[in-house]
Amino acid sequence: MPSDKKDDDNKKNDREKRILLIFGIVALIFTLTLNYVISKRQMQSVNEVKYSEFIDMVKEGKVDEVEFSGSVINFTLKEDKADQFGNKSKYYTGYINDPNLISRLEENDVAFDNPPTTSSPIISFVVEWVLPIAFFYLMISLLMRSMMKRMGGGFGKSNAKMYVEKETGITFADVAGEEEAKESLTEIVDFLHQPEKYTQIGAKLPRGALLVGPPGTGKTLLAKAVAGEAKVPFYSLSGSNFVEMFVGVGASRVRDLFKDAVANAPCIIFIDEIDAIGKSRDGTIGNDEREQTLNQLLSEMDGFDVTKGIVVIGATNRPEVLDQALLRPGRFDRRIVVDKPDLKGREDILKVHLKAVKTDDDIDLKQIALGTSGCAGADIANMVNEAALLAVREGRDKVRQSDLMEAIELVIAGKEKKDRILTEKERKIVAYHEVGHALAIALQKNTQPVQKITIVPRTMGSLGYTMQMPEEEHYLMSKEEITEQIVTLLSGRTAEEIIFNTVTTGAANDIERATELARAMVTKFGMSESFDMMALEKNSNMYLEGKTAMLCSDATGSKADYEALEIIKDCHKKATELLSANIDKLHKIAAFLIEKETITGEQFMELFNEKDEQSEENNITEE
Ligand code: ADP
Ligand code: MG
Ligand code: ZN
């Protein structure tokens, strides 16, 4: 190994020497050209004159200044004009031992001088040659260096050194809500602490572990925590760093990274976003660079000596695209799922992040955790920070519960857009729309209670919204619950229809979500009559939402669309019935909302219940 290293160093020195030489030559050429151009310029403006002519000029009073300089006499003429640099054309003539010259000059009022030699040859050499060469050398090397950096850190050199952290300073205590993942990783920590314990009994430890899960759940954080717990250096590279424009760069980086890491074992090598290089090789159009990089990674993973205490940790949110060769035993054979946190997990993550900020004593963690259902750790970290910023903005020195609740809305719906002015009519429509949602929620028993209704527009596009807050976390949803949710989503638009007898564009998002739910009931959850328990669609990506692939024929697909349409029609009818039967409440609460702009869930429920009594009274008086 040491001789290897020396070889490498020699090679590096050779290359550096060659580059220095090239820079030097280029600088020299620049300087030569410069000096040539300058001397040419000077020559152009210097004219030789015969001594007799010079004497004539002196007599005629044409000469301005005379300078004796060794064997020549330089002089300028009065009639010449100075150029833009203040220099006059120069003339010279040979010096002849003429005893009358001085008196002649004096007679004609010519200034003359015998200047001391202005510069020694050494100084002029330095000024004319050494300084320019040094200057150009510096400029060129700076230029080249910045270019090379832009092209990827010096042709094929590893950036691994830039990513090494001697101590990450992060421990398992900083990662909350991922208990199972931590448990699996504890063994790796122990192995890095004392590899002998495992090797002496003959146990083989995993070379690699793959952290998979949705974005923002703490995969990178966990990898750092493993290094921090084991107190070993942390070498990390992101998959996207590997993919360069020059073929071969990625592979050489992988090689250098492993070489560095092996020299510093025990340590952790972390490859983030590994799907960028580890994408399955077959099927797609060939990508030489990526394949080379992947092959290098595969061979390095086989090559290093496990007993030294090196563990490679990869992270990805698209495990299904990874090449099978990466996943086989002996490589990333351990898969550790880092999923979105549950209620308890979110509470713990909140605790971790709230530790860093000053808070009031009466923070209700559970309520916030309930409100952040579906959020990943990164969202929660972001939310806590937003809450702290809100507190600062209001000049307080502690974060309150209300800040945190406001921050949830910020993360979900965006900032309040105070400068967006709705017309009177629009405000009315939005208010009825939102109260339509809220009434549907209150009138159906399987939905989550209303937390807040507002008609203040938000930056993320909504003109108003109704916030629901679950009372407990659900992991299953019944058919009834989904149906009621669709009814709730459709009630906003339905309220507009009933009251204004017209429809607006404001319901696009509601409609989209309702359609998604209805489709999922048919294609994924087996909740329709005609398709029974047949799956028609599946998620093509486990941890990134959105993309789905159809499993059925086109004909079946279009039947499924009609089935979903039927569900939506039913729910629309249901919403119309619900709201028509409670139209008094709709009017009253909407009027209140228009006046107040924002009302809380309690205010809403008060109105909702009180209204009942009133209308009963009304009914009685009418009768
Ligand atoms: P990933 O790599 O899974 O996309 P990161 O590890 O980069 O996510 O997480 C981003 C940030 O979110 C972290 O720096 C941390 O502040 C916060 N975070 C994410 N998950 C957790 C967690 N389980 N516990 C505490 N903080 C977390
Ligand atoms: Mg990450
Ligand atoms: Zn709506």
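1. Aromatic cluster. In this predicted model, ring pairs join Tyr51, Phe54, Phe75 and Tyr91 into a cluster. The structure holds 10 aromatic pairs. One of them is formed by phenylalanine 191 and tyrosine 198. That pair is edge-to-face, with 6.0 Å centre to centre and 85° between the planes. Phenylalanine 191 is buried, at a relative accessible area of 1%. Tyrosine 198 is buried too, at 15%. The cut-off for buried is under 20%.

2. Charge over a ring. Which ring lies under the charged end of lysine 585? The ring is that of phenylalanine 608. The charged end sits 4.2 Å from the ring centre.

3. Strand β2 covers residues 63-69 and strand β3 residues 72-77. They pair in the antiparallel sense over six bridges. Serine 69 stands opposite valine 72 of β3. The hairpin of β2 and β3 has two residues between the strands. There, glycine 70 takes a positive phi near 65°. β3 also pairs with strand β4 (residues 90-94), again in the antiparallel sense, over four bridges. On that side, isoleucine 73 has threonine 93 in β4 as its bridge partner.

4. Helix α14, geometry. Helix α14 runs over residues 343-354, which is 12 residues. At 1.5 Å a residue it should span 16 Å. The expected span uses one less than the number of residues.

5. Is α14 largely enclosed or largely open? Nine of its 12 residues are buried, so the helix is largely enclosed by the rest of the structure. The buried residues include Leu343, Ile349, Leu350, Val352 and Leu354. Arg346, Glu347 and Asp348 are also among them, as is Gly345. The buried residues pack against α15 (365-371), α16 (377-393) and α17 (401-413).

6. Zinc site. Which protein atoms are donors of the zinc ion (ligand 3)? They are His433 (NE2), His437 (NE2) and Asp510 (OD), lying 1.9 to 2.1 Å from the ion. Along the chain the donors follow the spacing H-x3-H-x72-D. Histidine 437 lies in helix α18 (residues 424-443), and aspartate 510 in helix α20 (residues 508-523). The pair therefore ties together parts that are 73 residues apart in sequence. Both histidine 437 and aspartate 510 are buried. Water is not among the atoms, so the site may look incomplete.

Notes: Residues are numbered from 1 along each chain as its sequence is written. Chains are lettered from A and ligands numbered from 1 in the order in which they are written. This is a predicted model: local features need pLDDT of at least 70, side-chain atom pairs count only at pLDDT 80 or more; totals for chains, interfaces and linings use all residues. Side-chain values use heavy atoms; hydrogens and water are left out. Rings of Phe, Tyr and Trp (its six-membered ring) pair if their centres lie within 6.5 Å; planes under 30 degrees apart count as stacked, over 60 as edge-to-face and the rest as tilted. Buried means under 20% relative accessible area, exposed over 50%, partly exposed in between (1.4 Å probe, protein chains only). A charge sits over a ring if NZ of Lys or CZ of Arg is within 6 Å of the ring centre and within 35 degrees of the ring normal. Contact means heavy atoms within 4.5 Å. Donors are N, O and S atoms within 2.8 Å of the metal (3.2 Å for Na, K and Ca); water is not among the atoms, so sites may look incomplete. Two strands pair if DSSP finds at least two bridges between them.
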